[in-house]
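Visitor: Could you walk me through how to read a few features of a structure? I would like the general idea each time, and then the case at hand.

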Amino acid sequence: MSNPNRVGTGNDYIKLFSEISPYLETIPGDIAEFGVFDGANTVQLVRSFGRHLWAFDTFEGMPTEEFNPSLDSDEPGKFRPSGDILEFLGSLKDVYPVRGRFAKTLPLFDPRIKFSFVMVDCDLYESHRQILE
């Protein structure tokens, strides 16, 4: 579950989202968040933009399969959310969790859905590469 002490703090990009919001008013599309952790930024994204939000994550912490010690500093398993993050996200209006590694979920994602804003907050080099491809 999201840490209620983190929601609404400076650490969750509130200022950035409020500055971006006016520019998105004329850009159609949903929001994508890659790397959800405890959902604190998810809450702020939905509050700031008021659109459908697709929350991509394994929801199990950093994956072992893509960890490269020469490129990545965060060890496998780090950022494993406490509590039932999927239940928490499911309780939020307009939030749609997409569970799995990006390399497996992105090819299956509906190509008709367009994004006006994409937040990439993942920590592995390979994860960034998969999103950008």
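Visitor: Which side chain of opposite charge is nearest to D30?

Guide: A salt bridge here is a side-chain nitrogen of Lys or Arg within 4 Å of a carboxyl oxygen of Asp or Glu. For charge, Lys and Arg count as positive and Asp and Glu as negative, while His and the chain ends are not counted. Buried means under 20% relative accessible area, exposed over 50%, and partly exposed in between (1.4 Å probe, protein chains only). D30 is buried but has no salt bridge; R51, the nearest side chain of opposite charge, is 6.7 Å away. Bear in mind that this is a predicted model: local features need pLDDT of at least 70, side-chain atom pairs count only at pLDDT 80 or more, and totals for chains, interfaces and linings use all residues. Residues are numbered from 1 along each chain as its sequence is written, and side-chain values use heavy atoms, leaving out hydrogens and water.

Visitor: Where is D30 found, and what does D30 touch?

Guide: Helices (H or I, at least four residues) and strands (E, at least two) are DSSP runs, numbered from the N terminus; contact means heavy atoms within 4.5 Å. D30 belongs to strand β1, residues 30–34. Leaving aside residues up to four places away in sequence, D30 touches H52, W54, I113, K114, F115, S116 and F117.

Visitor: How many residues of helix α2 are buried?

Guide: In α2 (residues 40–49), 8 of the 10 residues are buried, among them V43, L45 and F49. Their cover includes α1 (14–24), β1, β2 (53–57), α3 (85–90), β3 (95–99) and β4 (115–120). Just after α2, G50 takes a positive phi of about 60°.

Visitor: How many salt bridges are there?

Guide: The count comes to 6. One of them joins the side chains of E60 and R99 (3.2 Å, N to O). That pair links distant parts of the chain, 39 residues apart: E60 sits in the loop between β2 and α3, and R99 in strand β3. E60 counts as partly exposed because its relative accessibility is 42%, and R99 is partly exposed too, at 47%.

Visitor: What about R112?

Guide: R112 meets D110 in a salt bridge (2.8 Å, N to O). At 69% relative accessibility, R112 counts as exposed, whereas D110, at 25%, is partly exposed.

Visitor: Which residues are linked in a network of salt bridges?

Guide: E126, R129 and E133 form that network.
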